[in-house]
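User: I would like to learn how to read a model like this one. Can we go through the chain and then the ligand site?

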Amino acid sequence: MGFGPFLFLATLEGLVQASVLVLTAVGLSLVFGVMRVVNVAHGEFFMLGAVIAWFVATNMPGDPAIGFIAALIISPLAVGAVAYVADRLILTRLNYNPEATIVATIGLLYVIQQSVLMTYGADARPVDPPFYYTIRLPWFGYSSYKLFVIAAACVLLGVIWFVLKRTKWGLLMRATQFDRETALAFGIPVRKVYSFVFAIGAGLAAIGAVLIVPIQQAHYLMGLDPLLLSFTVVIIGGLGSIQGTIFAAILIGLSDGILSVFFSPTLAKIVSTLFVAMVLVFKPNGLFAKAKR
Amino acid sequence: MAASLEVIGFDTFYGQSQALREFSIRLEGGKVLCLLGRNGAGKTTALKSIMGIIPPRKGKLLIDGNDLSEKPAYEIPKHGIGYVPQGRRLFSELTVRENLEIGLLTRSTGKQALEHALSYFPVLRERINQVSGTLSGGEQTMLAIARALCIEPSVLMLDEPTEGLMPSAIAAIRDVVIKLRDEGKAILLVEQRVDAVIPVADTVAFMDHGEIRETVAIDVLKDNPALLQKYVGV
Ligand SMILES: Nc1ncnc2c1ncn2[C@@H]1O[C@H](COP(=O)(O)OP(=O)(O)OP(=O)(O)O)[C@@H](O)[C@H]1O
Ligand SMILES: [Mg+2]
C-alpha cells in the first residue's frame, strides 16, 4: 500500500477516535461550562455506558443490530439517571463548591469503578457491531461500522448545536452558564438546570462508549483514557467553549489516529501532552477562550 | 389594600459579616421609592436579598400580599417582580432578542409582553438581532429594563440604572421610569446621585451600614439639604 492510501486509512482511524472523543469531551465541557464543576468521574460514566451496552446487547434476543440499538437508547438514559442521582445526592449538598466537587467526583470515580468490578468483573467483553459489511475501497477494505460511528457523531453534534442555539432548553443552559445570579433573577431554576446538564454530560459520554464497544471491548478500567483525552481536549479548546472543544477533539483525535498508525500510540500520547503543555504556557485560557466577566 | 412590595426585618450575611440589619421597606403601586446611600451601604445587597439571590437569614417578603419568604429564588420573579441589576448584567454574548426571551421564560406571556416591553424602547426593535454586548451604554440599560418588563412585573427594582450614562440617556431612562410609575407600577430605585432621583421620587430612604436610617417624603428632602450631607455627602 502506497503512502497516500496509508495516510487515508490513518485519517479514517483518527476520525473514528475523534468522533467518540468529541462526544465525550463535549459532555465534560458542558458540565464545566454551565456548572463550573470539574467532573473527574466523567471517564467512569463512559465506562458505565460501555458496560451497560454490553449488558443490554447480550440480553437482547435476536439480531445483534436490535441489541445494539437498544443499547444506544438504554445505556445513555441509565447513565444519565445515575448522574442525576449523583448530582442530587452529592453535588447539590456541596453547593457546587469547585474544590469540594473535585474531591467528591474522585470519590464517585472509585465507587462506580469498584461497583462495576464487583458485578461485571475484570474481564474485557466485546459487543457485536450491528452490521459487518466491509466497504471495498480501491486500496483496502474498511469497516462500514466505523464510518457509521463518524456519521453518528456528526448527527449528534448537529442535534447538540440545535438544542443549544435554537431551543428554550438551550437558552436556559446558556443563560445559566453566562450569569447564574441573573438567571435566577429571571426565574430560571438554576439547580434543576445543573442536574439536567450533569445528566446530559454523562449521557453524552455513554453514547460515545456505546459507539466504541463494537470496536474496543468493555472493561472496568476503560474510563481512564477518555477522561485524560477529554481533559486534554477541553484545555486546548478553552474551558466551557463548545466550538473549541469540537475543534480540539478533531485535532487530537486525528493526530492520535495518524501518529498511532505511522509510529506508535505512545508517541501519539507524548505529542498530545506536549501540545497541552504548549497551550497552557502560551494560551492558558485555551485556543478558543472567550473573555469571561 | 396590601402593599405591592413589603420587606420586613431582613438580616443578610456574607459569611460572618452582616450586610443588612433589620432592613424593612414598604412600597405601593404608582409610587417611586428611592434608596440612597454611599458605596457599600448595602443597597445592592438589599435588592439581591429581595430576589432571593442572597437569601436573608431572617425576615419576611410579601408581594401583593403573598408571603414569599420561604420560596426558592427562582419562584420570586414569577410573582411579578422585575429586576434591573447594577451594571445591567446583560447576557452580553446573546442577542437583544435572546435577552428578552430570557425575560419571557418566567411567565409564558409570550409575544404580547415582548411587544409591550419594546414599545417603551423603539430603538431596541431596530437592533433586535444585534449581540447585546455591542449596544451603546444607554441602549444596554434600555435592554436591561425591557428584559425586566418582559416578565410583566407589578414591582420593578432598578439598581443604579443611570450609572455611567450621558445626560441625554439619563433623561430618557428617567422618562421611562415616570411613565411606568404613572401606569401604576411600584418602583424601587437605587441611586447614588441625588439629582437623578429628585425628579422621580415620592419617598427617599437613606441607607447606611446595612440599615435604613431615615425615610422621608421628597418635599421634606427638598427643604432639608442637611439630610443629604449626612447620608450621601453632597
Ligand atoms: N459577594 C460578597 N461577599 C462578601 N461581601 C460582600 C459581597 N458583596 C457585597 N459585600 C459587602 O457588603 C456590603 C454592601 O455591599 P453592596 O454591594 O450591597 O453595597 P452598595 O450599597 O450596593 O454599594 P455601591 O453603591 O458601591 O453599589 C459591602 O461592605 C460589601 O463589601
Ligand atoms: Mg450597589
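**Reading chain B and its ligand**

Analyst: Start with the surface. Chain B exposes about 9,800 Å², and carbon and sulfur atoms supply 49% of that area. Keep in mind that the model is predicted.

User: How many of the residues in chain B are buried?

Analyst: Buried means under 20% relative accessible area. By that cut-off, 54% of the 234 residues in chain B are buried.

User: What does the radius of gyration say about chain B?

Analyst: Compare it with the value for a compact globule. For 234 residues that value is near 17 Å; chain B has 17 Å, so the two agree. Along the principal axes, the C-alpha atoms fill a box of roughly 45 × 40 × 35 Å.

User: How many helices and strands does chain B have?

Analyst: Chain B has 9 helices and 10 strands. Now look at sequence separation. Of the contacts between residues at least 6 apart, 69% join residues at least 24 apart.

User: Which residues surround ligand 1?

Analyst: Read the shell by class, then by element. It holds 2 nonpolar, 7 polar and 3 charged residues. Among them are B:Y14, B:R38, B:Q86, B:E160 and B:Q192. Helix α1 (residues 43-50) of chain B gives the largest share, 3 residues.

User: Which side chains make polar contacts with oxygen atoms of ligand 1?

Analyst: Check N and O distances against a 3.5 Å cut-off. The side chain of B:T44 has an N or O atom 2.6 Å from a ligand oxygen. For B:K43 the distance is 2.7 Å, and for B:N39 it is 2.8 Å. On its own, ligand 1 has 630 Å² of accessible area, and the protein covers 58% of it.

Methods. Residues numbered from 1 in each chain as written. Chains lettered and ligands numbered in written order. Predicted model: local features only at pLDDT ≥ 70, side-chain atom pairs only at ≥ 80, totals over all residues. Heavy atoms only, no water. Near = heavy atom within 4 Å. Polar contact = N/O pair within 3.5 Å; in protein donor to acceptor, adjacent residues only side chain to side chain. Areas by Shrake-Rupley, 256 points an atom, 1.4 Å probe, with all protein chains shown as cover. Helix = DSSP H or I, 4+ residues; strand = E, 2+ residues; numbered from the N terminus. Nonpolar A, V, L, I, M, F, W, Y, C, P; charged D, E, K, R; others polar. Rg over C-alpha atoms; globule rule 2.2 N^0.38 Å. Buried < 20%, exposed > 50% of the residue type's maximum accessible area, 1.4 Å probe, protein only. Contact = heavy atoms within 4.5 Å.
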